[in-house]
Amino acid sequence: MQAIEIEPKLRELMGIASSVDPGLEYRLEEIWRWIKDMKPGLLMQKKFLMGFLLEVIKDAEFWLALKVLTDEERESFLNQLTPPVRFWYEFLFPKWFNEKDNKFYIWKQKLRSGEFNQEDAQLIDLIAQKIKIREGSLVQRYVADFSMATDAIVSSNKGRPLCVQVTSISDDFSDHKYEEWKKTLKDWNIERGIFVSYNPGKEEFVSQMVNLVLHNSSHLEESKYLKFSF
């Protein structure tokens, strides 16, 4: 999709959502108003902003397609998704557009101004590759990262979706960041998560991190938010 197609596509989805899901219509209109005065050329220059917009459009299209299915058809379709993807569409995505997002106005400004950058993107990609090799699954979303303190939603092949936050911050600061992370998950009613603080200078920390994530996907109890350091 080209940048010039973004605004009309948002308007189209708003029109569909108006009779299907007013919460989604409201959130899409909020996004549309935020970017409608931006020239397509400027929009194309903002990599992360474009990534977010394309992701939201894709998710909105998917959600609206789900809404027109019968209950039986919807359940059958959802059963074909990986646990993290199903968790996103069935729980977190609708929760995001139906509830107040206290962080939305902050990261909207950062995306538009170009301040945002994904410092741990390469690490998350490497973790994702190793998780898939081990028959696990993973989903990443800008909204989960920005608003829900979740770099990735992960599941082992026999586990359940687990929200994971990764940071290279030193232990001197990670305790404060951990408490903020835990509060954010609780605010969104996310009942399980792990916070991993790592030292990129240590060998084999990626494999150790993958082992940790997959193990906790299968074994971490509800209402548990654990912090680990490597």
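**A pocket and a helix**

Begin by selecting helix 10, residues 171-187, which gives four residues to the lining of the second largest pocket and is the element that contributes the most to it. Keep in mind that this is a predicted model.

Next, show the side chains of the whole lining: Glu-99, Lys-100, Asp-101, Asn-102, Lys-103, Ser-147, Glu-180, Lys-183, Thr-184, Asp-187 and Trp-188. The pocket that these residues line has a volume of about 190 Å³, and if you colour the lining by residue class you will find seven charged residues, three polar ones and one nonpolar.

Within helix 8, select Leu-123, Ile-124, Ile-127, Ala-128 and Ile-131, which are buried. Looking down the axis, you will see them on the same side of helix 8, because they cover an arc of only 140° around it. An α-helix has 3.6 residues a turn, so residues three or four places apart point the same way.

Turn the view to the other side of helix 8, where Gln-122, Lys-132 and Ile-133 are exposed.

Finish just after helix 8, at Glu-135, whose backbone takes a positive phi of about 65°.

Key
Residues are numbered from 1 along each chain as its sequence is written. This is a predicted model: local features need pLDDT of at least 70, side-chain atom pairs count only at pLDDT 80 or more; totals for chains, interfaces and linings use all residues. Side-chain values use heavy atoms; hydrogens and water are left out. On a 1 Å grid over the protein atoms alone, a cavity is a set of points where a 1.4 Å probe fits but cannot get out, and a pocket is an open set with protein on both sides within 12 Å along at least five of seven lines; lining residues have an atom within 4 Å of a point. Grid points are joined across faces, edges and corners, and a volume is the space filled by probe spheres set on the points. Helices (H or I, at least four residues) and strands (E, at least two) are DSSP runs, numbered from the N terminus. Ala, Val, Leu, Ile, Met, Phe, Trp, Tyr, Cys and Pro count as nonpolar, Asp, Glu, Lys and Arg as charged, and the others, Gly among them, as polar. Buried means under 20% relative accessible area, exposed over 50%, partly exposed in between (1.4 Å probe, protein chains only). The arc is that of the directions from the helix axis to the C-beta atoms.
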